[in-house]
Every structure is written in C-alpha cells, then in structure tokens.
Amino acid sequence: MDSGSIITQVSKEEVNTPLQEKGAQNPSPSKKPRNRSIFQSLFCCLCHDNSEPIPVNNNAPLLVEENGSVPKATVKYLLPEIKPQDSSKICVVIDLDETLVHSSFKVYVLKRPHVDEFLRRMGELFECVLFTASLAKYADPVADLLDKWGAFRARLFRESCVFHRGNYVKDLSRLGRDLTRIIIVDNSPASYVFHPDNAVPVASWFDNMADTELLDLLPFFERLSKVDDVYTVLKQHRTSS
C-alpha cells in the first residue's frame, strides 16, 4: 500500500469503527473509551443524532394574506447563496465514502487513486459540494485533510439527508440550485434515488490502487462544465456506458 494514499493512521485502540455511510439504521452507541483523542472524533460515528426539534410558538398570530390565503412557510435551502465566482458554474454534489476514500475498520482512511487531481480540477470547473450520509464528526476532519485546494464550497452531512425506506437519500431539490444544473457523483444509487437523471454513477472503491475511474472521468466533466442543461448529456452518458 502506498503510504501517500493514507490520509491518517491511528492505533487500533483509538478506533471504534468508521461509519457505515450507506447503511440504514443508526447503530447503538458504543462505550466511551477512557482516553479521548482527535482520532476518536474522526472515526467514532456510532452516536445518535439527538438534536432537538425547533420549538413552535403556538401563541404567535397567524399571518394571512389580503386575499384570505395563508402564506406558505419560507423554504430554507441546504446551500447558502451562490458566490459570484461560481454564479455561472454547474453545481456538482460529490459523495465521500467509497467514492473518494475508504475508511478502514482497522487503522486508516485510504484515498482513492487520482483523487487529488480530480478534486483540484473539479474545484476549478464547478461549484463543488461535499454531501455525505456520514456524521460530521467523522466526515469533516476527513474533508479537511482531503481537500487541499478548497474545492468544496459547502459540506453537507447526515442531518441534511432524507431518511427514506431504510436509506439516507440526498434530495437535490433542497439544495437551492436549478436541477438542470446539478450533478451528483456517488457510488450508491440509493443516495440519489429521488434524482437518478442527475447522477454520474461511480464504482464503489475500497483498496484497488490500480483504479483510474476518477482520472478517466475528468474529460467527461470538462465537456459537461460547458453545457446549459445537464440532462441531455447525462442521458447520453448513461446510454453509452
């Protein structure tokens, strides 16, 4: 194994287990280890999300329009307003586990071959967003180490997914971008089941250091970055694949 492909390495005692991102139910929390470390935060992904729901003020008056209709609640999108330098760019949503890296149950997070070149170029061509079903406590530190060029304009984690039929689904309609200008790069079809026509599927990657898929996709993304509507090109890509 090429040591340059390992993002970080820890002893087995410091690792509980990496998150099974593509799984369904949250596993039960493990016992708290005696010694906390940065790697515990990196790999310990077994905790439930116990965030409290937003309280509702039942005493607030109901605002009614002049025509008597009740206005719909303002939609809060997952992404912030697009930055001026990205205003003409297509939004590309990129998965983490088994797409860019593989998190071992042993001692390391392994980078997929050519991931550095892939992220650098994608960050130049697109408005890139990391969207993972992993918990932020694991995925955020990995992204810090992985993204040396600031390719990711935003990062979305498990709480931004929709839990649907046992899977964490990435609902692209909630991003706040035109769906005709959104692409999702992911190894799991369940992740983009709501918007399969926006997907560029990639094979799941674990440890094959001869893999060239990310490198091979770059010419296709170069061409895709210049179109106004992604659907026609993606349909042709799926047909020819």
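**Contacts and rings**

Analyst: Let's start with Asp-95 and Thr-99, whose side chains are joined by a polar contact of 2.7 Å. Polar contact here means a pair of N or O atoms within 3.5 Å; within protein, one must be able to donate a hydrogen and the other to accept it, and residues adjacent in sequence count only if both atoms are side-chain atoms. Bear in mind that this is a predicted model, where local features need pLDDT of at least 70, side-chain atom pairs count only at pLDDT 80 or more, and totals for chains, interfaces and linings use all residues. Residues are numbered from 1 along each chain as its sequence is written, and side-chain values use heavy atoms, with hydrogens and water left out.

User: Is Asp-95 buried or exposed?

Analyst: Buried means under 20% relative accessible area, exposed over 50%, and partly exposed in between (1.4 Å probe, protein chains only). The relative accessible area of Asp-95 is 1%, so Asp-95 is buried.

User: How do the planes of Phe-126 and Phe-221 make the pair stacked, tilted or edge-to-face?

Analyst: Rings of Phe, Tyr and Trp (its six-membered ring) pair if their centres lie within 6.5 Å; planes under 30 degrees apart are stacked, over 60 edge-to-face, the rest tilted. By this rule there are 4 aromatic pairs. For Phe-126 and Phe-221 the centres are 5.9 Å apart and the planes sit at 80°, so the pair is edge-to-face.

User: Which residues do ring pairs link into a cluster?

Analyst: Phe-126 and Phe-221 are both buried. The cluster linked by ring pairs consists of Phe-118, Phe-126, Phe-220 and Phe-221.
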